[in-house]
Amino acid sequence: MPTKRKQAFVRKPRSDAQRNRERILDVAKDAFTRSGANATLDDIAREAGVGPGTLYRHFPTREELLEAVYRTEMEKLAAAEGRFAEELPPIEALRAWLLLFVDYIAAKQLIAPALNALLGDPKKVFEASYVQIWEAIRALVKRAIKNGDIRKDLDPIDLLRALIGVANVATTPDWQQSARRLVDILIIGSRPAK
């Protein structure tokens with residue numbers, strides 16, 4: 001006698017629940033950026049326009065919310081690669097993504113201390129993000145090389161190291177302007193020799 005196999009059914013979140021989640025994450029990112037790990041969840045819920053129960057239903061702990069904020073930012077950065085690749089010529093897609101990466105560094109510098117304080121060992125969170133970022137930059141560089149826009153010997157990670165280096169060495173609050181200028185210098189310096 002044949003048996004029917006139950007298939008796992010995963011329900012898509014309702015659109016209003018998804019909007020609430022996204023709004024909570026946006027507000028939480030700003031709150032953690034301003035106040036670090038001490039941002040109050042009740043304030044985040046109020047600012048997001050949801051009740052505390054809605055916030056806790058999506059993110060039962062502060063740690064889960066903070067980790068979700070960080071992962072969401074990394075996913076947005078990684079996803080931008082595909083969008084830029086579709087909309088822009090290869091070299092401009094690479095440039096646009098590197099400029100977005102500068103913004104990510106700024107956010108990470110503000111969110112990472114809170115993550116470290118709450119998670120103790122956030123390496124797993126950072127490692128998962130690293131893979132996404134590596135794949136994005138590699139795809140953009142590969143496309144620009146194929147198009148003849150940049151040298152074939154360019155190692156994609158060198159571009160990221162240069163930008164992270166500026167952020168880590170900078171002692172002034174205007175390091176982002178310097179990093180943005182560096183993006184253009186890196187692009188120009190990566191062009192093939194004529």
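Helix axes are lines fitted to C-alpha atoms over the stretch in contact, and angles run from 0 to 180 degrees between N-to-C directions. The structure described here is a predicted model, in which local features need pLDDT of at least 70, side-chain atom pairs count only at pLDDT 80 or more, and totals for chains, interfaces and linings use all residues. Residues are numbered from 1 along each chain as its sequence is written, and side-chain values use heavy atoms, with hydrogens and water left out.

Helix α1 (residues 15-35) packs on helix α2 (residues 41-48) at an angle of about 130 degrees, the axes lying 9 Å apart; helices are DSSP runs of H or I of at least four residues, numbered from the N terminus. This angle makes α1 oblique to α2, where angles under 35 degrees count as roughly parallel, over 145 as roughly antiparallel, 65 to 115 as roughly perpendicular and the rest as oblique. In α1, residues R23, I24, V27, A28, A31, F32 and R34 meet I44, E47 and A48 of α2, contact meaning heavy atoms within 4.5 Å. The contact of α1 with α2 has seven nonpolar, no polar and three charged residues (Ala, Val, Leu, Ile, Met, Phe, Trp, Tyr, Cys and Pro count as nonpolar, Asp, Glu, Lys and Arg as charged, and the others, Gly among them, as polar).

The axes of α1 and α4 also come within 9 Å, crossing at roughly 100 degrees, which makes α1 roughly perpendicular to α4. On the α1 side the contact is made by R21, I24, L25, D26, A28, K29 and F32, and on the α4 side by R62, L65, L66, A68, V69, T72, E73 and K76. Eight nonpolar, one polar and six charged residues form this contact.

Residues D26, K29, E73 and K76 are also among those lining the second largest pocket, together with M74, L77, L100, D103, Y104 and A107. Two or more lining residues come from each of α1, α4 (62-87) and α5 (90-119). By class, the lining has five nonpolar, no polar and five charged residues.

Definitions and conventions
1 Å grid on protein atoms, 1.4 Å probe; cavity = no way out; pocket = protein on both sides within 12 Å on 5 of 7 lines; lining within 4 Å.
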